[in-house]
Amino acid sequence: MANLFDVKLVFTQIPALLTYLPVTLELTIMAMIIGLVLGLIIALIRVAKIPVLNRLCILYVTVIRGTPVLVQLYITYFGIPIALKYFNYYNGTDYNINNIPGIVFAMVALGLNQAAFNSETIRSAILAIDKGQIEAANALGMSSSQILRRILIPEAGAVALLPLGNSIISLVKGTSLAFSCSVVELTAAGKILAGRNYRYFEAYCSLAIIYCAITVILEQVMKLIEKKISIPEEPQNEPGGNKSFVQKIWKKRSA
């Protein structure tokens with residue numbers, strides 16, 4: 001009877017699959033950077049409730065959260081070349097669409113997807129900050145950029161750390177859909193490898209082990225970061241205890 005499941009093959013083909021790990025990590029890092037930057041901008045617009053832009057951001061978040069990632073990847077993969085053709089036609093340019101690698105489409109699509117979800121996480125974290133701290137910062141004469149840099153981003157970052165960590169883990173697994181943009185990453189490599197010997201089940205088991213290992217490593221990294229940025233609570237009965245950052249500055253200035 002033929003060997004229905006080759007346990008040895010599951011582990012022996014992992015090194016071959018790991019050669020495509022840099023592609024998966026590159027996709028994850030670039031998409032997360034796009035998602036964080038754009039997500040922060042959208043969150044700030046929605047918190048400030050800027051006319052017109054706020055409505056556009058709400059529409060954007062609704063559309064992205066209401067459509068599958070795979071559909072967004074296909075729309076980006078086929079939509080950007082169409083948009084570029086129109087741009088060439090109306091502006092007399094001659095940009096070569098074929099020079100755009102597939103990984104760029106995947107980065108854009110995954111980054112835009114992450115931006116919608118990250119914006120909600122960041123917006124919730126900003127709204128969780130005590131408004132008294134912002135009022136105290138204004139009383140101290142801080143500019144909007146200083147308030148953003150010294151209060152909003154640090155405190156909101158601490159609150160949003162774990163949800164954003166979960167987003168990174170989801171993004172790592174979401175890169176497995178990048179094959180739709182002709183990107184050969186871990187999952188696509190597994191399919192190609194399995195096509196040589198038709199051992200698809202073993203290939204997918206190998207991929208499961210790799211993705212689980214990446215997830216465990218990311219979880220440990222997030223725990224270390226959380227431990228580093230967490231501020232231990234000061235006892236209530238000690239001088240200066242249980243006071244916010246701006247309150248301590250105000251006390252120093254008043255002294």
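Student: Okay. Is Val 52 buried or exposed?

Tutor: Val 52 counts as exposed, because its relative accessibility is 59% and the cut-off for exposed is over 50%.

Student: And what is phi of Val 52 near?

Tutor: Near 70 degrees. That is a positive value in a residue other than glycine.

Student: Which loop holds Tyr 198?

Tutor: The loop between helix H9 (186–197) and H10. Phi of Tyr 198 is near 60 degrees, again positive in a residue that isn't glycine.

Student: Why does Tyr 198 count as exposed?

Tutor: Because its relative accessibility is 67%, and exposed means over 50%.

Student: Next loop. Where is Val 184?

Tutor: Val 184 sits in the loop between H8 and H9. It counts as partly exposed, at 35% relative accessibility.

Student: What does Val 184 contact, leaving aside neighbours within four places in sequence?

Tutor: Tyr 20, Val 23, Ala 189 and Ile 192.

Student: How many residues apart in sequence are Val 184 and Tyr 20?

Tutor: 164 residues. In space they are 7.5 Å apart, C-alpha to C-alpha.

Student: Switching to helix packing. At what angle do H8 and H10 pack?

Tutor: About 165 degrees, with the axes 10 Å apart. H8 covers residues 144–174 and H10 covers residues 200–229. That angle makes H8 roughly antiparallel to H10, because angles over 145 degrees count as such.

Student: Which hand is the crossing?

Tutor: H8 passes H10 in a right-handed crossing.

Student: Which residues meet there?

Tutor: On the H8 side, they include Leu 161, Leu 162, Gly 165, Ile 168 and Lys 173. On the H10 side, they include Tyr 211, Leu 218, Glu 219, Met 222 and Glu 226.

Student: How do the residues of that contact divide?

Tutor: For H8 with H10, 12 are nonpolar, two polar and three charged.

Student: Last topic, confidence. What is the mean pLDDT of the protein chain?

Tutor: The mean is 86. 89% of the residues reach 70 or more.

Student: Which elements have the lowest and highest mean pLDDT?

Tutor: Helix H11 (residues 245–254) has the lowest, at 49. Helix H4 (residues 53–65) has the highest, at 95.

Student: What should I do with the low end?

Tutor: Where pLDDT is low, predicted coordinates should not be read in detail.

Key
Residues are numbered from 1 along each chain as its sequence is written. This is a predicted model: local features need pLDDT of at least 70, side-chain atom pairs count only at pLDDT 80 or more; totals for chains, interfaces and linings use all residues. Side-chain values use heavy atoms; hydrogens and water are left out. Axes are lines fitted to C-alpha atoms, for helices over the stretch in contact, and angles run from 0 to 180 degrees between N-to-C directions. Helices (H or I, at least four residues) and strands (E, at least two) are DSSP runs, numbered from the N terminus. Angles under 35 degrees count as roughly parallel, over 145 as roughly antiparallel, 65 to 115 as roughly perpendicular and the rest as oblique. A crossing is left-handed if the near helix is turned anticlockwise from the far one by less than a right angle, and right-handed if clockwise. Contact means heavy atoms within 4.5 Å. Ala, Val, Leu, Ile, Met, Phe, Trp, Tyr, Cys and Pro count as nonpolar, Asp, Glu, Lys and Arg as charged, and the others, Gly among them, as polar. pLDDT is the predictor's confidence in each residue, from 0 to 100. Buried means under 20% relative accessible area, exposed over 50%, partly exposed in between (1.4 Å probe, protein chains only).
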